[in-house]
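Here's a quick tour for anyone opening this structure for the first time. Have the sequence and the 3D view ready, and follow along topic by topic.

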Amino acid sequence: MKAVQYRTVGGHPEVVTVPDPEPGPGQVLLKVTAAGVCHSDIAVMSWPAEQLPFPLPLTLGHEGVGTVAGFGAGVTGLTEGEPVAVYGPWGCGSCAKCAEGKENYCLRAAELGIMPPGLGAPGAMAEYLVVDDPRHLVPLGDLDPVRTVPLTDAGLTPYHAIKRSLPKLLPGSTAVVIGTGGLGHVAIQLLRTMTAARVIALDVTEEKLALARTVGAHEAVLSDGAAAGKVRELTAGLGAQAVFDFVGAPPTTALAGQLAAVEGDVTIVGIGGGTLAVGFGATPYEVSVTSPYWGSRSELIEVLDLARAGAVDVHVETYGIDEAPLAYERLHAGKVNGRAVILPNG
């Protein structure tokens, strides 16, 4: 089968031919319908060898949907041809966090060598994918797989981040979204659906700000040297009750700290290498700073339910599997407006 792999440190994604996978006991084989292209992949491909936590080559793709094509011994409750979404942050299934459905915070994954598809285990950017356990599959029903696949990360991750700040996003409050790409443009929709907050979007190009306005941002501000002052002006000098940074680079984490109101939340989602100092005087009084990871299995179900209700819709660009390297090039150059999706069998 064809697969998109990261094969050598410092290299670029390559389309290669690899053997078709076979499901072992307890595993499920999917025929992949769609796989999402994420900035996280680009970050991983920029790491030096000593920072990589897994061996190469690696089949990319941590966002995946497909149809059940087969299963190993002991698997029940699934039907061949059934459309499903893959819950990506696999855990051990038995520790205290996994028992809560929070496999994204599994306490034993590192010890046991358990890694997500596309981020250690073979990913979804291939014609077929083996999923380690049926519990990591969520029924798609009649949802469009191409528009749904980004929700397994680009929907789940901001949903998880926003839920933590819901008590602060009351009528009269403000939420700031920094970075309105794959995750950020979904976050705007979730904030409009789940809260009464005014949503201010920040990004570096007018094209991305146009998308932010289209999906519901009340205000769209260029992320430049004047951005902090503009947001302060829009909030009567108070700042935002919640700031969500979907870039996470040093300039944006610094900006996030400047935008937070007293008792506000700063949530750093992006993995651009930025940090934010915490201490008396470093931020306004009682600001909480957090860096969440992905989301729980139950939250993925909730996100898909929001999609069924028409509350969230992902802007996608589609590519055939042979065009996957081009998709990564466009993403790296900032030319993807929304989310790029690979169709391995399309």
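In helix α9, which spans residues 250-259, the buried residues are T252, T253, L255, A256, G257 and L259. Buried here means under 20% relative accessible area, exposed means over 50%, and partly exposed is in between, all with a 1.4 Å probe and protein chains only. Keep in mind that this is a predicted model: local features need pLDDT of at least 70, side-chain atom pairs count only at pLDDT 80 or more, and totals for chains, interfaces and linings use all residues. Residues are numbered from 1 along each chain as its sequence is written, and side-chain values use heavy atoms, with hydrogens and water left out.

**Helices and their packing**

- Helices (H or I, at least four residues) and strands (E, at least two) are DSSP runs, numbered from the N terminus.
- The buried residues of α9 pack against β9 (174-178), β10 (198-203), α8 (227-234), β12 (240-245) and β13; contact means heavy atoms within 4.5 Å.
- Helix α5 is largely enclosed by the rest of the structure, because eight of its ten residues are buried.

**A closer look at T152**

- T152 sits in the loop between α4 (145-148) and α5 (156-165).
- With a relative accessibility of 1%, T152 counts as buried.
- Its side chain reaches the backbone oxygen of V149 at 2.8 Å.
- Which residues does T152 touch, leaving aside its neighbours within four places in sequence? They are H62, E63, G64, A85, V86, W294 and L300.

**Aromatic pairs**

- A pair of aromatic rings is described by the distance of the centres and the angle of the planes.
- Rings of Phe, Tyr and Trp (its six-membered ring) pair if their centres lie within 6.5 Å; planes under 30 degrees apart count as stacked, over 60 as edge-to-face and the rest as tilted.
- Searching the whole structure turns up two aromatic pairs.
- F280 and Y285 form a tilted pair, because their ring centres are 6.0 Å apart and their planes are at 45°.
- Both partners are exposed: F280 has a relative accessible area of 78%, and Y285 has 59%.
- The rings of Y293 and W294 have centres 5.6 Å apart and planes at 75°, so this pair is edge-to-face.
- Y293 is partly exposed at 36% relative accessible area, whereas W294 is buried at 4%.

- V262, F280 and Y285 make a nonpolar surface patch of about 430 Å².
- Patches are made of residues with over 30% relative accessible area and no salt bridge: like charges are joined within 9 Å, and nonpolar side chains (Val, Leu, Ile, Met, Phe, Trp, Tyr) within 5 Å.
- The areas come from the Shrake-Rupley method with a 1.4 Å probe; for residues, only the protein chains shown count as cover.
- Y285 is in the loop between β13 (260-268) and β14 (288-290), and F280 lies in the loop between β13 and β14 too.
- F280 and L326 are 46 residues apart in sequence and 46 Å apart in space, C-alpha to C-alpha.

**Salt bridges**

- How many salt bridges does a search of the whole structure find? It finds 15, where a salt bridge is a side-chain nitrogen of Lys or Arg within 4 Å of a carboxyl oxygen of Asp or Glu.
- K163 and E299 meet through their side chains at 3.7 Å, N to O.
- K163 lies in helix α5 and E299 in helix α10 (residues 297-308), so the pair ties together parts that are 136 residues apart in sequence.
- K163 is partly exposed at 29%, while E299 is buried at 8%.
- R108 and E111 form a salt bridge at 2.9 Å, N to O; R108 is partly exposed at 32% and E111 is exposed at 58%.
- K102 and E100 form another, at 3.3 Å, N to O; K102 is partly exposed at 32% and E100 is partly exposed at 43%.
- E103, D133, R135 and R297 are linked in a network of salt bridges.

Notes: Polar contact = N/O pair within 3.5 Å; in protein donor to acceptor, adjacent residues only side chain to side chain.
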